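Subject: Structure for your files

Hello,

Here is the structure I said I would pass on. My notes follow below it.

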Amino acid sequence: MESIGTLGGILNLWGPAQLGCGRRAVASGAVEYQALYRKYRPQTFEDVIGQSHVTSTLAREVAEGHVAHAYLFAGPRGTGKTTTARILAKALNCENRAADGSPDNICPSCVAITEGHSLDVMEMDAASHNSVDDIREMRISVTTVASASGARRVFILDEAHMLSKAAGNALLKTLEEPPDGVHFVLATTEPYKLLDTIRSRSQRFDFHTISIESLAAHLGRISDLEGYRSDAVALTAVARHALGSARDALSLLEQVAALGNGVVDPTGVNRALGLADGDAFATLVDAIDAQDAKSALELVARLASEGADLRRFVSEAVGFFRGVFLAHYAPNLAEIADEPAEVLHAWNQASERLPASDVLRAVDIMGESLIKLREGREERLMLELAMIKLTRPETSSDPAALQARLDRLERRVSANPPESRDPGPEVRSAPEPVVTTPAERSPVDPPFDPPPAFVDESPERPMELVEAAAPLDAGEPEARSRVEPTFAQFEAAWPALFAGLRDLLGARRWALFRETEPAAVEGSTLVIGVKHDFHLRALVADDSTAKIVATRAGDLLGGDVAVAFRATDGEAAPVAAEPEVPCGP
């Protein structure tokens, strides 16, 4: 008994450097390597990180003797479901259990369970044992006698959602009324696939993903025990990429340490995991903001030359732009996102540069690219196409791209309003608009007066001419020079101009603009004829329409132009004559 206790004490100390880095002694005297996630597997309830809501409840039930006959442990992979089931089995059978319900890990029962050869604990993988015959054999085992008087038999069914429907039904009766001293623990990552009747017969505990902070601290402790020279930033990066799984985090830590010969730093993490450097997303944000396709493509080339995993970069980009979107609408960002401070700072900075519409487009485009990459498409080509769509919305005809172009156009117009210019003495002296009565209207006139919102009664506003200088193009540091196209050039550009304005103007403005045609060119002013008086008044009253048309026309003609709306018969918009003054009594 004393030798067994000594062996149990040695097993309980696995992890410190006494047994070497990831190795343990075997009977032959050789040293066998052991992965970190196995070497540092928790042996008590207190050792399980991030699941205190589960372990504290189980320890209390064990201490008070109120243990359920069936448990359901549900949660993501690597969060401690099977490990907790083994600790529960040890606590139920420990000969020297502590008052708080924790096993001592020294008694023969604890040692046997730790080493995996206890007759009272049976583990079965439901992924490979999911038939009715397998469940029938387990039911026979349930009726056998425990190895010692008073011992509890624990059946751990891993990946329980893989049970067939027939096997699940065969398990029901035994699960509901097992013999005395028998307990079931079902562990699964997909509890919704289990039969409702099985879930209703079990006490359910949900295991959560482990927070980055807790996981990074855990990795730091293990790094110290292993003698690694670790960097806090690198450990946080490993914890982030483990996605809340302690097992995955330890595997990544082991990989990075092996590559760096015992050194865990950010460079080693990037190399081991194929990650982009920390400036990659800042460079991408700058390229999208400036619509600089060249910089975006250079970023792809740099990532490829450095050996970065392009598929992982696309996946990381989706997560990054998700965070930027949250930063737009969540003032309490630190409370809703489990990320380190430097990541939250990067999200906030990007949200100040990019509007929400651009961020949503980035999420959609990167998400679509990730789907294509998972289908086996050529990685670099798919990423380059995504970069072109992000930095050049005009290359995409989807509604989101058109909306992004319109939003960017409106922001440029707001930031660079057109200069007010003197319309000339003839325009300044233009008479007031004619206000006709229903009896005075011609049969072709509209049957109702224009809405007041479409009529500008300011005497300084010209009805014959509305000019709008094209805003600066995002890729040009200075304003474009004004051009004076010919009427032939205007007519040649009209189809492209007309087709491109439908989505830019919106439904209401397009309904007014579609009944127009090229009329004339006067210097740098494009005169657009309007067929209906009502449409003419509405177009003249709305500055935004003229600005958008002028900007689009300037893009097609290669310089700044102005726009004027006139009636198709060549006459100006209807104007009012001065009221007649009686000449005499």
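**Salt bridges**

Arginine 199 counts as partly exposed, at 25% relative accessibility (buried means under 20% relative accessible area, exposed over 50%, partly exposed in between, with a 1.4 Å probe and protein chains only). This is a predicted model, in which local features need pLDDT of at least 70 and side-chain atom pairs count only at pLDDT 80 or more, while totals for chains, interfaces and linings use all residues. Residues are numbered from 1 along each chain as its sequence is written, and side-chain values use heavy atoms, with hydrogens and water left out.

The side chain of arginine 199 meets that of aspartate 196 in a salt bridge, 2.2 Å from N to O (a side-chain nitrogen of Lys or Arg within 4 Å of a carboxyl oxygen of Asp or Glu). Both residues lie in helix α8 (residues 196-200), 3 residues apart, about one turn of the helix. Helices (H or I, at least four residues) and strands (E, at least two) are DSSP runs, numbered from the N terminus. Aspartate 196 is exposed, with a relative accessible area of 55%.

By this rule the count comes to 21 salt bridges. Another one joins glutamate 226 and lysine 39 at 2.6 Å, N to O. Glutamate 226 is in helix α9 (residues 212-226) and lysine 39 in helix α2 (residues 36-39), so the pair ties together parts that are 187 residues apart in sequence. Glutamate 226 is buried at 12% relative accessibility, and lysine 39 is buried at 4%. Asp286, Asp289 and Arg353 are linked in a network of salt bridges.

**Strand β3**

In strand β3 (residues 70-74), 5 of the 5 residues are buried, so the strand is largely enclosed by the rest of the structure. Ala70, Leu72 and Ala74 point one way, and Tyr71 and Phe73 the other. β3 pairs in the parallel sense with β6 (residues 182-188) over 5 bridges and with β7 (residues 203-206) over 4 bridges; two strands pair if DSSP finds at least two bridges between them. Alanine 74 has threonine 188 in β6 as its bridge partner, and leucine 72 stands opposite arginine 204 in β7.

**An open sheet**

Three strands form an open sheet in the order β10-β11-β12, with mixed pairing. The edge strands are β10 (516-522) and β12 (562-567), each pairing on one side only. β10 and β11 (residues 525-530) run antiparallel and are joined by 6 bridges. In β11, threonine 525 is the bridge partner of glutamate 522.

Regards
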